[in-house]
Amino acid sequence: MTLAPATHHAATTAVTSSPPRRDPLRLTEAELAELAAEFDAVRDEVFSRRGQSDAQYIRRVVALQRSLEMTGRACMLFSRHKPLWWAGVGCLSVGKILENMEIGHNVLHGQWDWMNDKEIHSTTWEWDFVAPSAGWQRTHNETHHTWTNVLGKDRDVGYNVLRMDPDQPWKPMNLLNPVINLGLAPAFEWGIAIYDIELDQFLAGKKSGRATFEDFKRVMKKLGRQSAKDFVVSPLLASLTGSGKASIKGFLAANVIRNVWAHTVIFCGHFPDGAETFTEEDVRDESRGHWYRRQAMGSANIDGSRLMHFMSGHLSFQIEHHLFPDMPSNHLARIAPRVREICRKYGIRYTSGPLPRQVFQAWRKVCRLALP
C-alpha cells in the first residue's frame, strides 16, 4: 500500500533533518520492507543487550522516586513553615513526575517485564494517577500505539474534547479549544481518567453499558485511594502540627505541577508542526514497514538536556518510543542518532525542536483549529 498525500501533509515545518532524498509517501513495498528490516535491527540489538545494568537503572529510579515522595510527605507534616512547604512541594512534584513519566508510563508499556520482577511489572504496577492502570493500558497501549494519529481510530487525537486536525469536522464547541485545553492541563489526570471510561464509545453503541459501568467503578475506586492518600490521611497527620490546611495546598500544588508537565510533554510529542495525521484508507492492509513509517511521521521529539529527557520519562524521544514502545527508556537517547539517519535515508521527516518552540506550535494548533 502507498499512502495518498493529504493537503495538510505539505504544511509541515519545524524539522531538523536534511532535505528528504525520497518521498516517504511513495516508497515501494520493497523499500518499506527494507525500512522495517533496519528498524527491526535497531530493536533487536537493544533487546539483545538488556541486562543487569538496565535492571539496576530502573531500580535506582524507583528508589529515588520513593525517597523523594517520603521526604516530601515528611515535609508536609510541618508545612505551616514556609521553607518546609516549598521543600515538600518540590520533592512531591519531582517524585510524582518521575513516578508517572519515567517509571509508571514505561513500566505499563512492559519495558521492564523481561526482568520478571513482580514489583516492576506491567501486570502489577498501579501508578500515582487517578486513571487506573488497566484502563490506560487499553486506551493508550492498545488503541493509541496501534493506530497512532489515524483519524477515526486513534481517540488520542483531541481526546474527544479538542479539535486537533483540520480534517476533523468543525463544531461550534471547538471555539472553546483554548479554554478547554487550558483547563485540561492542570487537571490532566482527571481528564485521562474520564477519557479512559470511553463514554463516547458507549454513546455510539460500541461499548456495553456493563463494561462502561465497570470502568466507571474502577475509576471511582482509584479516585478514592488517591484522594485518601493525598487529601485525607496526610493532612490529618499534618493537622497534629497545625499544618493540615498547608498540607492540602501542598499536595494540590504538587499534583497540578505534575499534571501540567505531563500534559506539556504529551502534547509536544504529538501535536507540533510536522506531526502527521492519517486516514483509515491510509492504513488499510498496513505492513510492518507502513506501520514504522506512520509512527515516525506521526510523532515529534523535544530537544533538551539529559535532565529534561529524564524528567520527561524519555518521552522527549517520542519518535523512538512510538517505533519501539516496549524498549527500555534508558536506551532511547542512544538509538536516536541511528533512527534519525534511517529516517533521512527513506525521506521521513524527523521532527524535533526545543521545548519552547514545540509548546508554542502545539498551542498554536489548539487555537488555530478552534476556528472553522
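A: Begin with a charge over a ring: NZ of Lys or CZ of Arg must be within 6 Å of the ring centre and within 35 degrees of the ring normal. The model here is predicted. In this model, Arg43 lies over the face of Phe47, at 4.0 Å from the ring centre.

Q: Which ring does the charged end of Lys82 sit over?

A: That ring belongs to Trp85, and the charged end of Lys82 is 5.3 Å from its centre.

Q: How many aromatic pairs are there when ring centres must lie within 6.5 Å?

A: The count comes to 13 aromatic pairs. One of them joins Trp112 and Trp114, with 6.4 Å centre to centre and 40° between the planes, and is classed as tilted.

Q: Why does Trp112 count as buried?

A: Buried means under 20% relative accessible area. Trp112 has 0% relative accessibility, so it is buried. Trp114, at 24%, counts as partly exposed.

Q: What is the geometry of the pair formed by Tyr159 and Phe188?

A: Tyr159 and Phe188 pair edge-to-face, at 85° between the planes and 6.4 Å centre to centre. Tyr159 is in the loop between α4 (133-144) and α5 (177-184), while Phe188 is in helix α6 (residues 188-197), so the pair ties together parts 29 residues apart in sequence.

Q: Which residues do ring pairs link into a cluster with Tyr159 and Phe188?

A: Tyr195, Phe267 and Phe271 are linked with them into a cluster.

Key:
Residues are numbered from 1 along each chain as its sequence is written. This is a predicted model: local features need pLDDT of at least 70, side-chain atom pairs count only at pLDDT 80 or more; totals for chains, interfaces and linings use all residues. Side-chain values use heavy atoms; hydrogens and water are left out. Rings of Phe, Tyr and Trp (its six-membered ring) pair if their centres lie within 6.5 Å; planes under 30 degrees apart count as stacked, over 60 as edge-to-face and the rest as tilted. Buried means under 20% relative accessible area, exposed over 50%, partly exposed in between (1.4 Å probe, protein chains only). Helices (H or I, at least four residues) and strands (E, at least two) are DSSP runs, numbered from the N terminus.
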